Amino acid sequence: MALIDSKTGQIAKRYTIEELAEQANLMRGYDLTCLCAAGSGHSGGTLSIMDITAALYLRVANLDPKDPLWEGRDRVIWSTGHKAPSLYLGLAFAGACEKKDVALLRKLSSPFQGHPHWLKVPGAEVSSGSLGQGLSVAVGIALAAKLNGKTYRAFCIMGDGEQQEGNVWEAVMEAAHYKLDNVVGIVDCNRLQIDGAVHDVMNVEPLDEKYLSFGWNVMRINGHDMQQVVDALERAKGTHNGKPTVILADTVKGKGVSFMEDVAGWHGKTPNKEELDKGLAELGLVGKVPVEELFAHAKAYQAEVEKKLDAKMPKFSRDYWWNKSDAMKVAMKPTRVGFGQSLQENGDDERIVCLGLDISGSITISDFYTKNPDRKKRWLSMGIAEQSATAAAAGLAKEGKIAVFGTYGTFAAARNLDQLRVSVCYGNFNVMVAGAHGGVSVGPDGATHQALEDLFAMCGLPNMSVAVPCDVVETKKMTDFLLLKHVGPKFIRFAREATPIVSSEKTPFEFGKANVIRFRKESENFIDAFETVLASGYASEHEDLSIVACGPMVPEAMRAAYILKKEFGYETRVINLHTMKPFDEEAVIRAAKETGVVVTAEEHQIGALAWRVSAAITGSPKVYGTPVITGAIGVKDRFGDSGAPWELIKEFEVSAEHIAQKAGELMAIKERKGAREEALASR
Ligand SMILES: Cc1ncc(C[n+]2csc(CCOP(=O)(O)OP(=O)(O)O)c2C)c(N)n1
């Protein structure tokens, strides 16, 4: 079959092998251009899968581009969600959406999110991005087809690194057990993943023998030979022998662009304009991709995004945004750097072992060994296998090791939650979990990669300590402490994006004890405008209100305190609750009692911090009888969205301006109440 008109059953268009190869090449050109316009994304894997994409979407799969949700269509499931641009281009080249719209890739509110969301793009079958789940979804879709007597096929595209996820093999078993000959797995065997070669990170081969032994039909092909690709897909589609089929496609990561080919570094990197021009020239596409038109489309959309975001921002007498004026300058650095620094400094301790989960450079855990190659023997690459690695960390800790692992916050706290709960926390083992790239800091990757719920689970686990340091300096101090001075399960959350540095070596730091931060006077440097002391040693100045914050919301809370002073003359007690568990109840209770207004600020779904603070206030006999007005700033029960991290701060309404606005509303209530009481008293 091919692209068909589902109303008439007629073939709308049938591409020849040569035409398909040509289309795949053109799709590569669009891919590079859209990635360049986005400024982030995955070049290597989108290029390696493009021939298969063209063959599937333009020839083999039954699709009606005019009706992408036509019931009889074949289902193409992208388990490998980071290759979303290839999926989008497959749909666009088939005619299901406009090609130029793919240039809106990774922009705020765009349908073309960093990872596919099926509710935004008709024809994207499922939402994916967390690797290893797609084949299970395909099994479900295929089972539904059998139950409903339908003949469509479920094609599932995966990566070879992705085969390291145990979830894949559960689905492999299920498909064979249920004799799902309507399932076709396609593995993009480009032999690379993020941390390097698949066989070094965690060998998965021989994949053919593995799939065979699980009862699958297996084909191994050259994934860039269009004839072989089409033949294999058509054969798999025509299989009715009661067995699922896998096509192991040998490919080249970065295919078609010499400087990207076979280079692991191009996994999650995009070309700049010069590299794009070079790439297009190598693909023979100069003048064949409307680069300027695509860029202009992206730029015009972005201008609209910025206008909408600006309209959402609370307005004050002037712009208080970071580094917008000559005074109050702040330096920024990603908090993740502090984690790496600590591992590098403390890594000589022979008890420390670090587990790599194929995102090691980016989250800085590889700093453990980069300058100290002798530590490589204590570096354990576990591949993309968060669940098994978590339980293995418990095993290492049981035998006396200090086991440290980390990955994206959501894969470090949610993917492996049961392993954390039972193997790590119930066993009370000395395991350090790094929830890296927390909150909005992986912005353009979109919802699947934004850890916005992790702290609910982590704070809810008995025995688990939870730390959310406010900046790079505090992240270093916190890691130093957790690594060598704290024994037991611990979770540290830090971010990818550069955030303001608001503390120094001299700033007090005590694990489990909050700091009070007070705005004193406008200064050249933001950091000098504030005084920070341990909450336990702070004497009340009878401030008007308190803001309790953690992580990168602490700098926002400080900026809010500055805005509140300049705009309304309010004095604010900012509480940096860098340790969420153990929780410094005393600091919160005092703030509530002494100021009467408490705003919480978290870069997370509202509640991880807000509900703990509320529970502390409402549960404390010390506050009984004292009216306390509370408000919460955080993400309001919604999934994330692609967008630059600072755009998301505005979109989710968690900026200093939003904190100040909320504080202003609460202060108005406090003042009205005060005035009423005064009026009553004077009667
Ligand atoms: C559960 C999960 N863990 C980690 C990641 C982060 N991640 C994104 S792509 C990738 C490497 C994928 O390698 P592979 O499957 O070989 O894909 P390819 O090299 O073809 O891009 C990783 C670890 C993720 N998306 N999901």
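Are helix 1 and helix 4 parallel, perpendicular or oblique to each other, and why? I started with this pair.

Entry 1: The model is predicted; local features need pLDDT of at least 70, side-chain atom pairs count only at pLDDT 80 or more, and totals for chains, interfaces and linings use all residues. Residues are numbered from 1 along each chain as its sequence is written.

**Entry 2: helix 1 and helix 4.** I looked up helix 1 (residues 17–38) and helix 4 (residues 84–94) and found them packed at an angle of about 125 degrees, with axes 10 Å apart. Helices are DSSP runs of H or I, at least four residues, numbered from the N terminus. Axes are lines fitted to C-alpha atoms over the stretch in contact, and angles run from 0 to 180 degrees between N-to-C directions. Helix 1 and helix 4 are therefore oblique to each other. The cut-offs: under 35 degrees is roughly parallel, over 145 roughly antiparallel, 65 to 115 roughly perpendicular, and the rest oblique.

I then listed the contact (C-beta atoms, placed from the backbone, within 7 Å). Helix 1 brings Q23, M27, Y30, D31, C34 and L35, and helix 4 brings P85, S86, L89 and F93. By class, the residues of this contact are seven nonpolar, two polar and one charged. Ala, Val, Leu, Ile, Met, Phe, Trp, Tyr, Cys and Pro count as nonpolar, Asp, Glu, Lys and Arg as charged, and the others, Gly among them, as polar.

**Entry 3: helix 21 and helix 22.** I checked helix 21 (residues 585–595) against helix 22 (residues 610–618): their axes come within 9 Å and cross at roughly 70 degrees. The two are therefore roughly perpendicular to each other. E585, V588, I589 and A592 of helix 21 touch V613, A616 and I617 of helix 22. I get six nonpolar, no polar and one charged residues here.

**Entry 4: domains.** I read off domain 1 (15–293), domain 2 (333–500) and domain 3 (504–676). The bounds come from an automatic or database domain assignment. The centres of domain 1 and domain 3, taken over C-alpha atoms, are 46 Å apart. Their contact takes seven residues from domain 1 and five residues from domain 3. The domain 1 side divides into one nonpolar, four polar and two charged.

**Entry 5: ligand.** I counted 27 residues around the ligand, with G45, G159, G161, E162 and Q193 the closest. A residue counts as near if its C-beta atom, placed from the backbone, lies within 6 Å. Helix 2 (residues 43–48) gives the most to this shell, three residues. The shell holds six nonpolar, 14 polar and seven charged residues. Where does the ligand lie? Domain 1 and domain 2 both give residues to the shell, so the ligand lies between them.

Technical notes:
Two residues are in contact if their C-beta atoms, placed from the backbone, lie within 7 Å.
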